[in-house]
Amino acid sequence: MFQSMNITASALTTQRLRMDVISSNMANVDTTRATFDDGEWQPYKRKSVVLETKGEGFSSFLNTAMNRDESVGNGVTVSSIIQDDETPGELLYDPDHPDANEDGYVELPNVDPLREMVDLMSATRSYEGNVTVFNANKSMMMSALQIGKS
Amino acid sequence: MNLFSGTISQLEQGLAYSSLNQKVIANNVANVDTPGYKSKDVNFERMLQDEIQMTSSSFQPSNPKHFEITPKQSTSGVHQRSFSVRENGNGVDMDREMANLATNQIYYDALIERLSGKFGSLNSVIQGG
Amino acid sequence: MSIQQINSIGMEQLRPSTTQPTNKISPYDAQQNFAEMLKESINGVNDAQIQSDNMTNKLINGENVELHDVMIASEKASISLSLTMEIRNKAVEAYQEIMRMPV
């Protein structure tokens, strides 16, 4: 009975985690000292989430193979949080900065605030959609409890 | 004496379809940002056909030591729409899912009302006489 | 004349024919049918109650059962029980009515 609620709950958790990653990116938009490796401070690199549909395990594959129909699936989950190490950050010319390299440039994090805001709006919209689904589900169950009560 | 055949059993089938549809919609909305996900929907006639097929076929194990396979009957009739609307391969149309959600909710509530009505009239017939 | 003709109409048609099988049920058979029906009904009620209890147990344990199925099963069990009780009441009433008849 609670399968539908579990599906929606997983989606809410996932969007919340995505929002947390976005806020972490936004908070660290100017952080030049994120990790200390090779004897040098590295700037913060943008993180993002990888979403994955949750299946129901072996029974769903068996069912699909036997019926040639899909199984419903069990919501969404974050399979990993990846860090974008390839995109270079912006270089700022500031020779007096303690983290400047030999040429006087400081490497800033590769976080683009505009892109983060767009992601934030998308996460918010998905979250609200899932809340609507949850409310609809709850109202259906409440009306099912009224069977035979008149 | 079968009090509950006819309309009441049809109402039960309708409710089964509606709750399966609710799960599918919830899953679609949950995966609105997952790359490569294509939205699914439930087809009522196909669900009824699949149920009839499944109850008539049985998987007999050839060796008594094998486990018996009993397929879950709760997900027949679900199939995937195969178009995608976004560049990350995702195929969920949020507005369409919201419309389906509202429709399904009203459908479910209507069936529950009718079912309550049928049970209520059975009750009043039995106790009023 | 006509009186003789009346005699010749064919009194066989007016005599009740004893060659057709009678469809009368003896009181014993009627009792057996009713007893069968009552027993069937009670078995049906028992099955419905057991089914409703199973569903409720599954609901309690959080297993994969739909809420509307549980409500429907419990309502069916309740209606079946009411029906059987009413049948029993009517049968008892009929019996008491008969016992009240002056001999």
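Which residues of chain A does the UniProt annotation "domain: Flagellar basal-body/hook protein C-terminal" cover? In the record, an unreviewed entry, the annotation covers residues 103-147 of chain A. In the predicted model described here, that span is 71% helix and 7% strand, and its end C-alpha atoms lie 77 Å apart. The model as a whole scores ipTM 0.82 and pTM 0.78.

We can turn next to the contact between chains A and B. Here 36 residues of chain A are in contact with 34 residues of chain B. On the chain A side, four elements each supply at least two residues: helix α1 (3-27), strand β3 (47-53), helix α2 (58-67) and helix α3 (113-144). The largest share comes from α3(A), with 12 residues. Sorted by class, the side of chain A that touches chain B has 22 polar residues, 11 nonpolar residues and 3 charged residues.

Chain A also touches chain C, and this contact takes 7 residues from chain A and 9 residues from chain C. The chain A side of this contact divides into 5 nonpolar and 2 polar residues, with no charged residues.

Chain B itself comes to 3 helices and 2 strands, which follow the pattern α-β-α-β-α when read along the sequence. Of its 129 residues, 33% count as buried. Among contacts in chain B between residues at least 6 apart in sequence, 74% join residues at least 24 apart.

Helix α1 of chain B, spanning residues 7-30, deserves a paragraph of its own. The helix has 24 residues and reaches 34 Å from its first C-alpha to its last, close to the 34 Å expected at 1.5 Å a residue. This helix is also mostly covered, with 17 of the 24 residues of α1(B) buried. UniProt, again in an unreviewed entry, places the feature "domain: Flagellar basal body rod protein N-terminal" at residues 14-38 of chain B. Over residues 14-38 of chain B, the chain is 68% helix and 0% strand, and the end C-alpha atoms are 25 Å apart.

N90(B) is found in the loop between β2 (78-80) and α3 (94-128) of chain B. Is N90(B) buried or partly exposed? With 19 other C-beta atoms within 10 Å, N90(B) is partly exposed, because a residue counts as buried if 20 or more other C-beta atoms lie within that distance. N90(B) and T7(B) are 83 residues apart in sequence, and their C-alpha atoms are 40 Å apart in space.

Chain C comes to 4 helices and 0 strands, giving the pattern α-α-α-α along the sequence. Of the 103 residues of chain C, 17% count as buried. How confident is the prediction for this chain, and where in chain C is confidence lowest and highest? Chain C averages a pLDDT of 82, and 79% of the residues score at least 70. Confidence in chain C is lowest in helix α1 (residues 2-7), at a mean of 58, and highest in helix α4 (residues 67-100), at 90.

How values were computed:
Residues numbered from 1 in each chain as written. Chains lettered and ligands numbered in written order. Predicted model: local features only at pLDDT ≥ 70, side-chain atom pairs only at ≥ 80, totals over all residues. Contact = placed C-beta atoms within 7 Å. Nonpolar A, V, L, I, M, F, W, Y, C, P; charged D, E, K, R; others polar. Buried ≥ 20, exposed ≤ 12 C-beta atoms within 10 Å, placed from the backbone. UniProt positions renumbered as here; feature names shortened; annotations may be inferred. Expected span 1.5 Å × (residues − 1). pLDDT = per-residue confidence, 0-100.
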